[in-house]
Amino acid sequence: MSTSTRSTQHLIRRACRATMLLVTIAVAAQAVHAAAVGQTKFRRISTQYIAALGDLGATAGSGAQLWGLWLLDPGPRGVKLNHYPSLKDAGGVAPARWKFDETDWWLEEHGLIMEQPTVPLPPGKYLVTGARKVTAVLTIHPADSHGDRRWELDQGATLYDVTHLACRSARYTPAAVGGACSPANAKQTSFPVAPGGAMPPVDGCTKQDYAVLIVIGVGVED
């Protein structure tokens, strides 16, 4: 099979997944909107993505000050691992105009280097879904006196319920102070990562896996 054929098939698969995702999100959003009448009002937004940490079986927890938000889908804006030399030659500026940080970088499930999310995730209410069966309201509370931010999901939903399993993401930082942690050490044969699977380790790096939540609405004040 030619390289161009494989690339075309890959794009078709991603397009099909994207179409299915949009249909799922639309149905879920309609259900939640109907259930939320008379309660918190939500404004529909272009799809955003939350990078979350926590016990996937929990319905609430602390540490949301470490969560992040991508206002745009970081996958299509990413850089392939085998294009990392070109990214370096460009001074770390990606074609999508985000800046690569060699001491703190992210990978997604297809082996694309991603831009960092905005951390911390602002406090408020978010409509989140894993594009499976559950859509829930995620509340991020303001920081307490120690800087900790609590999070909670309504309707008994767990973090796993609203995690989009097909989206995998991990943050890589140097394992030792002053040490090298480079995408050049990532094994391209480790990708793609199976839905729900752990992201691969990279030599010289400490890895932190993040759950990815799809945001389809934000709470608004009356």
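Partly exposed means a relative accessible area between the buried limit of under 20% and the exposed limit of over 50%. Arg77 has 23% relative accessibility, so Arg77 counts as partly exposed. The views below come from a predicted model.

**View A. Glu115 and Arg77 form a salt bridge.** The closest N and O atoms are 2.5 Å apart. This pair links distant parts of the chain, 38 residues apart. Glu115 sits in the loop between strand E6 (112-114) and strand E7 (124-129). Arg77 sits in the loop between strand E3 (68-70) and strand E4 (79-80). Glu115 is buried, with a relative accessible area of 15%. The structure holds three salt bridges; the other views of charged pairs follow.

**View B. Arg171 and Asp104 form a salt bridge.** Here the closest N and O atoms lie 2.7 Å apart. Asp104 is buried at 13% relative accessibility. Arg171, at 30%, is partly exposed.

**View C. Lys207 and Asp209 meet through their side chains in a salt bridge.** The N to O distance is 2.3 Å. Both residues are partly exposed: Asp209 at 22% relative accessibility, Lys207 at 27%.

**View D. Trp105 and Tyr172 form one of five aromatic pairs.** The ring centres are 4.7 Å apart and the planes meet at 15°, so the pair is stacked. The cut-off for stacking is under 30 degrees. Trp105 lies in strand E5 and Tyr172 in strand E10, so the pair ties together parts that are 67 residues apart in sequence. Both Trp105 and Tyr172 are buried.

**View E. Trp106 and Tyr210 form a tilted aromatic pair.** The rings are 4.7 Å apart, centre to centre, with 45° between the planes. Trp106 is in strand E5 and Tyr210 in strand E11 (residues 205-220), so this pair ties together parts 104 residues apart in sequence. Trp106 is buried, with a relative accessible area of 3%. Tyr210 is buried too, at 5%. Ring pairs link Trp106 and Tyr210 with Trp70 into a cluster.

**View F. Arg132 lies over the face of Tyr160.** The distance from Arg132 to the ring centre of Tyr160 is 4.6 Å.

Definitions and conventions:
Residues numbered from 1 in each chain as written. Predicted model: local features only at pLDDT ≥ 70, side-chain atom pairs only at ≥ 80, totals over all residues. Heavy atoms only, no water. Salt bridge = Lys/Arg side-chain N within 4 Å of Asp/Glu carboxyl O. Helix = DSSP H or I, 4+ residues; strand = E, 2+ residues; numbered from the N terminus. Buried < 20%, exposed > 50% of the residue type's maximum accessible area, 1.4 Å probe, protein only. Phe/Tyr/Trp six-rings, centres within 6.5 Å; stacked < 30°, edge-to-face > 60°. Lys NZ or Arg CZ within 6 Å of the ring centre and 35° of its normal.
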